[in-house]
Amino acid sequence: MRVYLAVAVLVALAAVPLAAADADPVALHKLAKQAQIQAQIQVDPADPPRVHELLALGEVRVEAILNSTDAEAAGENFLAAMQMFSEAFQLMNENGQEPEDDQIYYAAVLERQARYYGQLLELAETYGVEAPGEDLDALFAQATAQIEAGDPDVAATLERINHMVGLFREQIGAVAAQEDAERALEYAALYVKHLERLVDNAEELNIPPDGVELMLAIRDRLAAATEPSEIISIINEIITLKQDLDLVKANQLELWMRQTQTTAEQMLQQGVLDEIEYAAVKATLDRFLEELEAGDLDEAETLLTRLNAWLSEQ
Amino acid sequence: MVRLAAILIAIVVWGAAEASFGALPHTEITVYPDGLAHVTAQVEVDPQEPSFVVGLLGTAVDSFVAVDEDGVLLAAERAGVSSMELETFGSGLVSISYDVHDIVSKDGRIWTFSLDIDHEYTLLMPGGAVIVGMNAIPRNLDTVGESVRLEMPSGPAEISYITNTARSVEPVAPPATPAPDDDGPSGDSGTLMLLALPLAAGAVGAFLAIRARSRRPGGPAPHIGEEPEPLDPEAVFARVPGLRDEDKEIVRYICENGGEVSESRLRKKLLRPRTSMWRAVQRLSREGAVDIIKRDSHNQIRIRREGGPQ
């Protein structure tokens, strides 16, 4: 009887949507009320007196949530009620037992595998890797049917799915690793160019001769590196070196310039800027670069500030 | 080309150091009935850094996947007990997902979810679970089917819940003589079945969705000679309840513009930052309101019609 009462209460509560709220006392009350009802259903006259005492105190706090003068007080009552119910359930739990249900476990495993497989299918499409197809589809269907039928052989089916999904992941990973190596090389090449530009402008950027030498040495090592992990390691060295040389100000301006350039290109593509306006933007950016290379950071910043203000008005 | 330009922009300079890279703007945790949890998160990373170390919510982790904003699978390697190093190489936004074994424990019949992180997150409880104790105040809560969804604040949180609402007290005496008409499910297993069946059904649904997707790589076949029904945003809202107001605005705009627009156009017309719009369309896609179609270097966002691809 208790079981059906519990289910009825659950269904009734599920039918009442919990109000969306930012620590809304009504929503907190509803959550605490669920715990209270569950405790009332489960408490047994033979339970220790402390359990009954905690439930009574908790009920008082639940009612106090709605009568609270502000959200903070409602929150305190909510936490107090939940603390008491939690303790009561722990005490009730001392004599409790939980029948294990493989069906629930297997259903959860299958759901996760299906989710993971779905994610891998998207990646496989990106990398042009062929999906396992009908063999794996059939195993998913078989596992689903076995779970519904309570068939213990589902464990073996899930294991096969796990194995096939694992192989599929490895296939995708192998293709992705090749492209990852290419990405790493492209990324390294950009850093090499960047280092060369820094060296070319070393004087304007106040980079000392030993700093230039160090940069050239790192550039050579980076240009020769092929492994992604090695490239990461060398680039981290560059980052540290740049921090040491305090190249922040000029670089911030150059980053801003590149962002502005991208924005202007997008505005041209979207028809917000016409060709004449875009040419004017480019001319301003060229002037900015000249100022930057000449070491006049203030003038460069002024140019960029004006240009961005103009773009934001378009 | 666009990607290269983006990388170039990012690395030719050293700056913008004040940006809060590495922040976890949104983390979602789904707790399964067997105590495992699935975690998804988007992490903003510094494109000027070649790699990024992301913290994990537990130590026992599997099915880890990290992709960047272009859908590139990122190489990942364990960097510590509960962290992964990702080879980002110019990526600006990384989506990670994984299953974690050790943020939910069980004592007797009481499950306990425990987490202490420095940012807010969404927690979806197992279907049918009843929360019987918690030590943090959720910022928001609602229900998704039979599951309670909590918007949790940062900081320590411990949530106790039960999934089996029937209590057996020891000692349990075996039934001496079964009642002649008692051929239905017995107490506990009956309740558990009520919990298990939706799960199995969910798994079937996921499976069918996967099959449909894997067999239909080009999307749904066009119906020659058939005019698609006009798009009514209210119909989308009715089909996908609980959308945020700002997401409804996106749906309305797409419906008013033929049911499909580019993500960049959405950004421009609705004046949203790139990452905010990206998150919004990802959210709408997850909710089943839209489909994201990759075309060359940009995303087309299309309203998902009822019965359309999942």
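Predicted model: local features only at pLDDT ≥ 70, side-chain atom pairs only at ≥ 80, totals over all residues.
**Chain A and its helix α4**

Chain A holds twelve helices and one strand, and, read from the N terminus, the order of these elements is α-α-α-α-β-α-α-α-α-α-α-α-α. Of the 314 residues in chain A, 35% are buried.

Helix α4 of chain A, which covers residues 71-93, spans 32 Å between its first and last C-alpha, close to the 33 Å expected at 1.5 Å a residue for its 23 residues.

In chain B, four strands form an open, antiparallel sheet in the order β8-β9-β14-β11. Because β8 (104-107) and β11 (130-134) of chain B stand at the edges with a single partner strand each, one side of each is left without a neighbour in the sheet. Neighbouring strands of this sheet are turned by 30 degrees against each other on average, with direction ignored. Strands β9 and β14 of chain B pair in the antiparallel sense over seven bridges, and I117(B) has G155(B) in β14(B) as its bridge partner.

The elements with stated residue ranges are listed here.

| Element | Residues |
|---|---|
| α4(A) | 71-93 |
| α5(A) | 102-127 |
| β8(B) | 104-107 |
| β9(B) | 110-117 |
| β11(B) | 130-134 |
| β14(B) | 155-162 |

Helix α4(A) lies across β8, β9, β11 and β14 of chain B, and runs at about 110 degrees to β11(B). The largest nonpolar core has 95 residues, of which A32(A), F85(A), A88(A), L120(A), L74(B), I131(B) and Y161(B) touch the most other members. Helix α5 of chain A gives the most to this core, with 14 residues. When its neighbours within four places in sequence are left aside, A88(A) is in contact with A39(A), V51(A), L54(A), L55(A) and G58(A). A second, separate core of 30 residues includes L198(A), I235(A), L255(A) and L303(A). In soluble globular proteins, nonpolar side chains tend to be buried together.

Methods:
Residues numbered from 1 in each chain as written. Chains lettered and ligands numbered in written order. Helix = DSSP H or I, 4+ residues; strand = E, 2+ residues; numbered from the N terminus. Buried ≥ 20, exposed ≤ 12 C-beta atoms within 10 Å, placed from the backbone. Expected span 1.5 Å × (residues − 1). Pairing = 2+ DSSP bridges. Axes fitted to C-alpha atoms, helices over the stretch in contact; angles between N-to-C directions. Contact = placed C-beta atoms within 7 Å. Core = buried A, V, L, I, M, F, W, Y, C linked by C-beta atoms within 7 Å.
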